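Student: I would like a close look at a single part of this model. Please keep the answer connected and brisk.

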Amino acid sequence: MKIERLRELPPAPGGSGPGASTGRAVVAVGNFDGVHRGHRTGLRLAREEAQRRGAECVAVTFDPHPARLLRPGRAPKNITSFALKAERLAAAGVERLVVLEFGEAMARTAPADFVCRLLVDRLGAVTVVQGANFRFGRGRTGDIETLRALGARHRFEVIQAPSVSWEGAIVSSTRIRRTLEEGRIERAAALLGGPYEIEGVVVSGSGRGHGLGFPTANLAPEGDVLAPPGVYAADAVLTSPDAGRFRAVVHYGPRPTFDDSFSLEVHVLGFSGEVSSLRVRFLSHLREVRAFAGPESLKMQLERDVARAREFVVSPAPEAPFRAAEAVLAG
């Protein structure tokens, strides 16, 4: 998948103005945080439409999240780092990812100008795939009906992607953030369509885990961590120098038995080498962080944690309970 910044995009063939572009792109626009089941429904429609038209499947996303500028005190944490988001978009069939650097100028852009300058002049969109709740342009004044009207003017089609529901509520990034922050790891995985995961580089630690017989990799995560402090069963994916996936126990939070310093420590079962970076896929919450009487009682608890993590069986992703309405095609 090719990743480009907006400033790197050349004009689409055919010039500008209503109906002038001769480029062929099927475009989906959004933050795509988590690239969850709802996102993937729309992306599947975009991919299928691109194949039908012999066009390129393009996703457009924002960096940073618009809320970081518009509501800095209330901006949501990111479910995925940019690198993980890009990886999941590529897996969903996106051939080109266009990154919009969201700033004051873009925040002031009128919906009609956003469509003309980006979708028409730069991407040459023949089809745009969006959900019913899509908002764009200055003051979020543009919506799916605005997009349809502009599509008629500029001769591109609009496909309304269906919402995906589970247990009576729409699957959304907001719902997944809340579920993760509540510590409901397995439920979040069901909404995401796979485990919640983070990645980062391994940094030096105090060595206390090694002294207890449970050596840990101290992870400096890239981006946000939405899981609350606790001890978790996880899968650790080693990215260098020894690739592989191993079951792991993760401690995230303070270390009250020794001090109150905050850390993210990963004990990788069945692996004793050195790693410089890894990915952590959270599977289940095992217990809360708590203080122990001393190293020996902590060691006994770690043995129980490892046994539970080793025995944990990952449930297959529940497909049947999810429901999606039919997509609506509008010219």
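Student: Which residues lie nearest the centre of the largest pocket, and how many residues line the pocket?

Tutor: This is a predicted model, so every value here is computed from predicted coordinates. Start at the centre of the largest pocket. Gly30, Asn31, Asn133, Phe134 and Arg135 lie nearest to that point. In total, 45 residues line the pocket. Its volume is about 1,300 Å³.

Next, the elements behind that lining. Six stretches are listed as giving two or more residues each: strands E2 (25–29) and E5 (125–131), together with helices H1 (37–53), H2 (67–70), H4 (104–107) and H7 (173–181). Helix H1 gives the most, with 4 residues. By class, the lining of the largest pocket has 22 nonpolar residues, 17 polar ones and 6 charged ones.

The structure holds 1 cavity of 30 Å³ or more. The largest cavity has a volume of about 50 Å³. Its lining includes a run from Asn78 through Ile79 and Thr80 to Ser81, and also Leu84. Glu197, Ile198 and Glu199 line the cavity too, as do Glu222, Gly223 and Asp224. Strand E9 (residues 196–203) gives the most to this lining, with 3 residues. Here the classes divide into 3 nonpolar, 4 polar and 4 charged residues.

Two of those cavity residues lead on to the packing. Ile79 and Asp224 are both in contact with Tyr196. Beyond its sequence neighbours within four places, Tyr196 also contacts Leu180, Val225, Leu226, Ala227, Val280, Arg281 and Phe282. Tyr196 belongs to the largest nonpolar core, which has 32 residues. Within that core, Tyr196, Val266, Val280 and Phe282 have the most contacts. Helix H8 (residues 185–192) gives the most to the core, with 5 residues. There is also a second, separate core of 27 residues. Ala25, Leu100, Phe114 and Val120 are among its members.

Glu186 touches Leu283, Ser284 and Phe312, leaving out residues up to four places away in sequence. Is Glu186 buried, exposed or partly exposed? Its relative accessibility is 46%, so Glu186 counts as partly exposed. The cut-offs matter for that step: buried means under 20%, and exposed means over 50%.

Arg187 brings in the charged pairs. The structure holds 20 salt bridges. One of them joins Glu167 to Arg187, with the closest N and O atoms 3.3 Å apart. Glu167 sits in the loop between strand E7 (164–166) and strand E8 (169–170), while Arg187 sits in helix H8, so the bridge ties together parts that are 20 residues apart in sequence. Glu167 has 48% relative accessibility and therefore counts as partly exposed. Arg187 is at 32%, so the label for Arg187 is partly exposed as well.

Another bridge pairs Glu182 with Arg184. Their closest N and O atoms are 2.5 Å apart. Glu182, at 45% relative accessibility, counts as partly exposed. Arg184, at 33%, is also classed as partly exposed.

The next pair sits in another setting. Arg287 and Asp305 meet through their side chains in a salt bridge, 2.9 Å from N to O. Arg287 is in strand E14 (residues 277–287) and Asp305 in helix H10 (residues 295–311), so this pair links distant parts of the chain, 18 residues apart. Both partners are buried. Salt bridges with shared partners also join Lys2, Glu4, Glu56 and Arg96 into one network.

Key: Residues are numbered from 1 along each chain as its sequence is written. This is a predicted model: local features need pLDDT of at least 70, side-chain atom pairs count only at pLDDT 80 or more; totals for chains, interfaces and linings use all residues. Side-chain values use heavy atoms; hydrogens and water are left out. A nonpolar core is a set of buried Ala, Val, Leu, Ile, Met, Phe, Trp, Tyr and Cys residues joined through side-chain atoms within 4.5 Å. Buried means under 20% relative accessible area, exposed over 50%, partly exposed in between (1.4 Å probe, protein chains only). Contact means heavy atoms within 4.5 Å. On a 1 Å grid over the protein atoms alone, a cavity is a set of points where a 1.4 Å probe fits but cannot get out, and a pocket is an open set with protein on both sides within 12 Å along at least five of seven lines; lining residues have an atom within 4 Å of a point. Grid points are joined across faces, edges and corners, and a volume is the space filled by probe spheres set on the points. Ala, Val, Leu, Ile, Met, Phe, Trp, Tyr, Cys and Pro count as nonpolar, Asp, Glu, Lys and Arg as charged, and the others, Gly among them, as polar. A salt bridge is a side-chain nitrogen of Lys or Arg within 4 Å of a carboxyl oxygen of Asp or Glu.
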